[in-house]
Amino acid sequence: GDVVSGAILAALGLYIVTQARFWNYYNPDGPGPGFFPTWYGVLMIGLALWLIISTAVKPKAQKTRNDFSGTKRALIAWLAFAAFVGVMGVLGFLVSFVLFTIFIVAYIFQQRLLTAVLTAVIGAVAFYIVFPVLLGVPLPVGRFGF
């Protein structure tokens with residue numbers, strides 16, 4: 001599985017790098033739109049190759065029965081992220097982020113609800129301070145105005 005996923009990630013990284021070639025890498029104002037995707041793709045290729053090589057040189061483990069609990073939780077987390085993106089237009093970034101974080105911390109990481117709520121609120125406040133306040137970049141707003 002690691003070799004196959006590494007190969008797929010390496011191919012995706014190669015695609016990103018080849019597509020980023022068509023954008024300006026650097027312009028008079030600084031890094032252009034192709035700068036981040038180029039380095040992201042290069043990093044993805046490097047890490048994917050590292051995954052493939054480390055898997056290939058690792059001694060073979062004896063066959064064990066597959067434990068799908070980790071896979072199930074990962075898939076549920078991806079579905080929750082897709083739902084977060086889907087409801088962001090209606091609820092806005094901050095409310096969607098709070099709900100997503102509460103779900104991830106409480107259900108996926110199995111922490112107390114108080115810990116999940118505090119993590120979600122602190123994270124949302126941090127996003128608000130960094131993006132709209134400090135950087136002047138608005139976060140997506142939902143139908144309710146926040």
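This is a predicted model: local features need pLDDT of at least 70, side-chain atom pairs count only at pLDDT 80 or more; totals for chains, interfaces and linings use all residues.

1. Order of the elements. The protein contains five helices and two strands. Read from the N terminus, these elements follow the order α-β-β-α-α-α-α.

2. Overall dimensions. The C-alpha trace spans about 55 × 50 × 20 Å along its principal axes. The radius of gyration of the protein is 20 Å, whereas a compact globule of 146 residues would have a value near 15 Å.

3. Surface and interior. Of the 146 residues, 24% count as buried. The protein exposes about 10,800 Å², and carbon and sulfur atoms supply 73% of this area.

4. Contacts along the chain. Among contacts with a separation of 6 or more, 55% are accounted for by residues 24 or more positions apart.

5. Geometry of one helix pair. Two packed helices are described by the angle between their axes and the distance between the axes. Helix α4 covers residues 93–108 and helix α5 covers residues 113–135; their axes come within 8 Å and cross at roughly 145 degrees. The crossing of α4 past α5 is right-handed.

6. Residues in that contact. On the α4 side, the contact is made by F93, L94, F97, V98, T101, I102, V105 and A106. On the α5 side, the residues include L113, A116, V117, A120, F127 and Y128. What classes of residue does the contact of α4 with α5 have? There are 14 nonpolar and four polar residues, and no charged ones.

7. The residue V87. V87 lies in helix α3, which covers residues 69–91. Is V87 buried, partly exposed or exposed? Its relative accessible area is 34%, which falls between the limits of 20% and 50%, and V87 is therefore partly exposed. Apart from residues up to four places away in sequence, V87 touches G92 and S96. V87 and F97 are ten residues apart in sequence, and their C-alpha atoms are 9.9 Å apart in space.

8. The residue T55. T55 is placed in helix α2, residues 35–57. Why does T55 count as buried? Its relative accessible area is 17%, and the term applies because this value is under 20%. When neighbours within four places in sequence are left aside, T55 is in contact with D2 and V3.

Conventions. Residues are numbered from 1 along each chain as its sequence is written. Side-chain values use heavy atoms; hydrogens and water are left out. Axes are lines fitted to C-alpha atoms, for helices over the stretch in contact, and angles run from 0 to 180 degrees between N-to-C directions. Helices (H or I, at least four residues) and strands (E, at least two) are DSSP runs, numbered from the N terminus. A crossing is left-handed if the near helix is turned anticlockwise from the far one by less than a right angle, and right-handed if clockwise. Contact means heavy atoms within 4.5 Å. Ala, Val, Leu, Ile, Met, Phe, Trp, Tyr, Cys and Pro count as nonpolar, Asp, Glu, Lys and Arg as charged, and the others, Gly among them, as polar. The radius of gyration is taken over C-alpha atoms; the globule rule is 2.2 Å times the number of residues to the power 0.38. Buried means under 20% relative accessible area, exposed over 50%, partly exposed in between (1.4 Å probe, protein chains only). Accessible areas come from the Shrake-Rupley method with a 1.4 Å probe; for residues, only the protein chains shown count as cover.
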